[in-house]
Amino acid sequence: MLVTAGRFCFSSPFFVFATMASRPPKRIRVPLNGVLLLDKPVGFSSNDALIKAKGLLNAQKAGHTGTLDPFATGVLPLCFGEATKFAQDLLDTDKTYETLIHLGVSTTTGDTEGEVQERKDVNVSLEQIDAVLAQFRGPIKQVPPMYSALKRDGKPLYEYARAGIVLEREARDVTIHSLEFLAYDAPFLRLRVSCSKGTYIRVLGEDIGAALGCGAHLQELRRTQVGHLTLEGCVTLEQLSGTEAAERCTLLAPVDSLLLTFPEVLLSEALAKRFLQGQRLTLSKEGVALPEQGGRVRVYQQPADEMSFRQLLGTAQLHEYGVLAPERLIATAQLI
């Protein structure tokens, strides 16, 4: 068995044969725990990419951290095993994208996958672009697109759109933290966008095109950052597939790679046992070193010696007077 801190590999065979010769081989899924930072290729939905990676890793449990459109590429963290407990944190975090906007051409989907609706001449100056971009920086309202996975009466909006039905959608509050001009070679405008959760870059591109008076759609979209996770360290499906089966899980980052922005708290073995039982701990009475600020923290068990690695126990809320309230706990038996 190959072991790395926070993630585990198994060199045992992936397949066993049932006793009855007529039955097909039964695949034994491996209980992997960790995070695969995937550079999603164009043409794959987020779920397609997850299924492919899960199959290559032969993993038992997996989930992705938010939808990335099939025509888009870039950072798609995939969570396996215990890491799935912390996927919501990436759904709620800020994202950064680089996009190429095709001015003068509007499509039904706001990207290259839709049908062309309208074409207009593009006579736009750099001064006009600067003025329009300024309108979209900071808090803005955005109407979700019909071609989206948002649901109405239990059915995703894209199903209504494909049936030719357009429903009214309420505008949502989102924040464009930064909107950076990168290049303009008419009719193509390249931008870098850092935004809050729930922002549709397709809609942003369309709205910019509308403000410029010529319409637009996204020609390219690449996500370069999710929270603190960037393209650096990402692997492609080709790299995963090209790695020996028994070595593929070494490409996974540890479970706590999702939590590195949270302060850490180290507990003794005795306190760790109480924490994993869901008990609130008053650490100010226990001599435990605490972060200066309260709020959400990641919690570890102190290593027994220099040869041991720290065991992630989960996350917690640190309240006044050093009270540590368990939040999401790791099933440590899964990591032994």
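Five elements each supply at least two residues of the lining of the largest pocket: α1 (46–57), β8, α4 (157–162), α5 and β16. Helices (H or I, at least four residues) and strands (E, at least two) are DSSP runs, numbered from the N terminus. The pocket has a volume of about 1000 Å³. Its lining counts 37 residues, and Thr 67, Leu 68, Asp 69, Ala 149 and Tyr 200 lie nearest the centre. A pocket here is an open set of points on a 1 Å grid over the protein atoms alone, where a 1.4 Å probe fits, with protein on both sides within 12 Å along at least five of seven lines; lining residues have an atom within 4 Å of a point. Grid points are joined across faces, edges and corners, and the volume is the space filled by probe spheres set on the points.

The model is predicted: local features need pLDDT of at least 70, side-chain atom pairs count only at pLDDT 80 or more, and totals for chains, interfaces and linings use all residues. Residues are numbered from 1 along each chain as its sequence is written, and side-chain values use heavy atoms, leaving out hydrogens and water.

Now the overall layout. The protein has seven helices and 22 strands. The domain assignment gives domain 1 (34–92 + 230–251), domain 2 (95–226) and domain 3 (264–334); such bounds come from an automatic or database assignment. The centres of domain 1 and domain 3, taken over C-alpha atoms, are separated by 29 Å. Five residues of domain 1 are in contact (heavy atoms within 4.5 Å) with eight residues of domain 3.

Next, the interior. Of the 336 residues, 44% are buried. Buried means under 20% relative accessible area, exposed over 50%, and partly exposed in between, with a 1.4 Å probe and protein chains only. The largest nonpolar core has 27 residues, and Ile 101, Leu 179, Ile 208 and Leu 212 have the most contacts inside it. Such a core is a set of buried Ala, Val, Leu, Ile, Met, Phe, Trp, Tyr and Cys residues joined through side-chain atoms within 4.5 Å. Elements that each supply at least two of its residues include β8 (95–103), α3 (126–135) and β14 (172–185). The largest share, four residues, comes from β15. Domain 1 and domain 2 each give this core at least three residues. A second, separate core of 19 residues includes Leu 37, Cys 79, Leu 90 and Phe 262.

Ile 208 touches Ile 101, Leu 179 and Leu 191, among others, not counting residues up to four places away in sequence. Just after α5, Gly 213 takes a positive phi of about 80°.

What about the cysteines? The structure holds zero disulfides (cysteine sulfur pairs within 2.5 Å). Cys 195 is buried, at 1% relative accessible area. Its sulfur is 17 Å from the closest cysteine sulfur, in Cys 234, so the two are too far apart for a bond.

A cis peptide bond, with omega about 10°, joins Ala 186 and Pro 187. Pro 187 sits in the loop between β14 and β15. Asn 58 has a positive phi near 55° and lies in the loop between α1 and β6 (62–64). Asp 153 also has a phi near 55°, in the loop between β12 (151–152) and β13 (155–156). Asn 58 is buried at 0% relative accessibility, whereas Asp 153 is exposed at 76%.
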